[in-house]
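Hi,

Here is the structure I promised to pass on. Have a look at it first, and then read my notes below.

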Amino acid sequence: MTQGKEGAALDLKSARILIAGAASLVGSHTAEALLAAGIKEVVLLDNFAFGTPEAIAHLKDDPRVRIVKGDLMRLPDLLAATQGMDGVLHLAAYMTLGFAQSPWEAVDVNLRGAQNMLEACRANKVKKVVFASSNAVYGYGPGIKGALVEDGPFHSAGAPAAAILYGASKIMGEQLCRQYFQKHKLDYVVLRYSTVYGERQHYRAANSLYIMETYDRVRRGERPVLPGDGSDTKHFVNVADVAQANLAAFRSAATDVAVNVSGPEPITTGELVRMVLDYCGSKLQPEIKPDPPGTVRLTSGGAFHIPHDLAGKLIGWQPKIGMKEGIARLLAWREAGLAKQKEAK
Ligand SMILES: NC(=O)c1ccc[n+]([C@@H]2O[C@H](COP(=O)([O-])OP(=O)(O)OC[C@H]3O[C@@H](n4cnc5c(N)ncnc54)[C@H](O)[C@@H]3O)[C@@H](O)[C@H]2O)c1
């Protein structure tokens, strides 16, 4: 029973789900979670623009998995791929760094690509769409402090252009979902992920990139860099928790809602660096150094946190993985990858 509007609730054991933008961090973990939950069929669509076949190679022999090379910018690809699907998880998008590097492609994929997908879902009577949004819809800069709740405003003053463009593109995506619900009764749940981190981490998200950069420096014996005094807040969410949130959104009857999907607690950059140093057993001291020119840094105006109570109420989801455990998992994965590379040389 949901406390909001009632829409389609999918029984995963009899459902067919398409993941758009599947060959990457969130998509590969969600596909694993769907398979573990007994899904009937999962279609993994990607144009491999920056995701890789390797990210989903371990899933390809499961008879319930179908890998489709398709592009969000090509409506015929989406019309074909969504045929017979009960649910669509829409992930494919450019993030802040993508908006900084390739703004043309980013605008195309995040706006027209999302619209193409919704249109294909409408045409093929898909029962439910789960749309990956972001805490970027609250913006960045001095206005960001305290609790970032779902009905809060978008702060753009003092934020980098690419971050504003990304946040605005997610607001557009959310509202396109809402319009398809109002006009065509297409059920949807928007999940506003906070910064996602975990195994199969990539280098495209500005904040999680910081964990990887810090780890890579410590491993090389270099001091980790703090861009400020270490009090800057971040609120991460582990990718395994995100995957479970995606499943919860399909299973629940909730529709026409947007909820935060964040980790158990926020962390400061100082604490984060300390955790990485502890994991590595390193005695190196962080060095305070301003960012080099051109760095896209996502700052806030003070301590903030992203409550996930509404996700608990509406889709019955709560995060389980704290930062210490999540960082240990991520860095163990990175360590194993580096060891493999060394072996292959
Ligand atoms: N990673 C994060 O920290 C984070 C935080 C908040 C929200 N999100 C959102 O979650 C979603 C998934 O995140 P991720 O880190 O797994 O994403 P990602 O950057 O790895 O991208 C997902 C996939 O989309 C594919 N793609 C790009 N353009 C495409 C197109 N035109 N057609 C088909 N596929 C295309 C890419 O090849 C990639 O495999 C994104 O929508 C992102 O905005 C991510």
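Predicted model: local features only at pLDDT ≥ 70, side-chain atom pairs only at ≥ 80, totals over all residues.

Let's start with a lysine: Lys-234 is part of strand E11, which covers residues 233-234. Is that lysine, Lys-234, buried or exposed? With a relative accessibility of 4%, Lys-234 falls under the 20% cut-off, so it counts as buried. Its side chain makes a polar contact of 3.2 Å with the side chain of Asp-232. Beyond the neighbours within four places in sequence, Lys-234 is in contact with Asn-207, Pro-266, Ile-267, Thr-269, Leu-298 and Phe-304.

The protein chain has a mean pLDDT of 94, and 98% of its residues come in at 70 or more. Of the elements, strand E5 (residues 87-90) has the highest mean pLDDT, 99, while helix H7 (residues 206-219) has the lowest, 86.

**The sheet**

Now for the sheet. Seven strands make up an open sheet with parallel pairing, and the order is E4-E3-E2-E5-E6-E8-E14. The edges are strand E4 (65-69) and strand E14 (257-261); each has a single partner strand, so one side of each has no neighbour in the sheet. On average, neighbouring strands are turned by 20° against each other, direction ignored.

Two helices are worth a look here. Helix H5 (residues 103-123) packs on the sheet and touches strand E2 (16-20), E5 and strand E6 (128-134), with its direction at about 175° to that of E5. Helix H6 (residues 161-184) lies across E6, E8 and E14, and runs at about 160° to E6.

How many of the residues of E6 are buried? Seven of its seven are, so to speak, under cover. Lys-128, Val-130, Ala-132 and Ser-134 point one way from the strand, and Val-129, Phe-131 and Ser-133 point the other way; all are buried.

E6 runs parallel to E5, and the two are joined by four bridges; here Leu-89 is found opposite Val-130 of E6. E6 and E8 are parallel as well, with seven bridges between them, and Lys-128 sits opposite Asp-187 in E8. Further along, strand E8 (residues 187-193) pairs with E14 in the parallel sense over five bridges, and Leu-191 stands opposite Val-259 in E14.

Let me know what you make of it.

Cheers

Conventions. Residues numbered from 1 in each chain as written. Heavy atoms only, no water. pLDDT = per-residue confidence, 0-100. Pairing = 2+ DSSP bridges. Axes fitted to C-alpha atoms, helices over the stretch in contact; angles between N-to-C directions. Contact = heavy atoms within 4.5 Å. Buried < 20%, exposed > 50% of the residue type's maximum accessible area, 1.4 Å probe, protein only. Polar contact = N/O pair within 3.5 Å; in protein donor to acceptor, adjacent residues only side chain to side chain.
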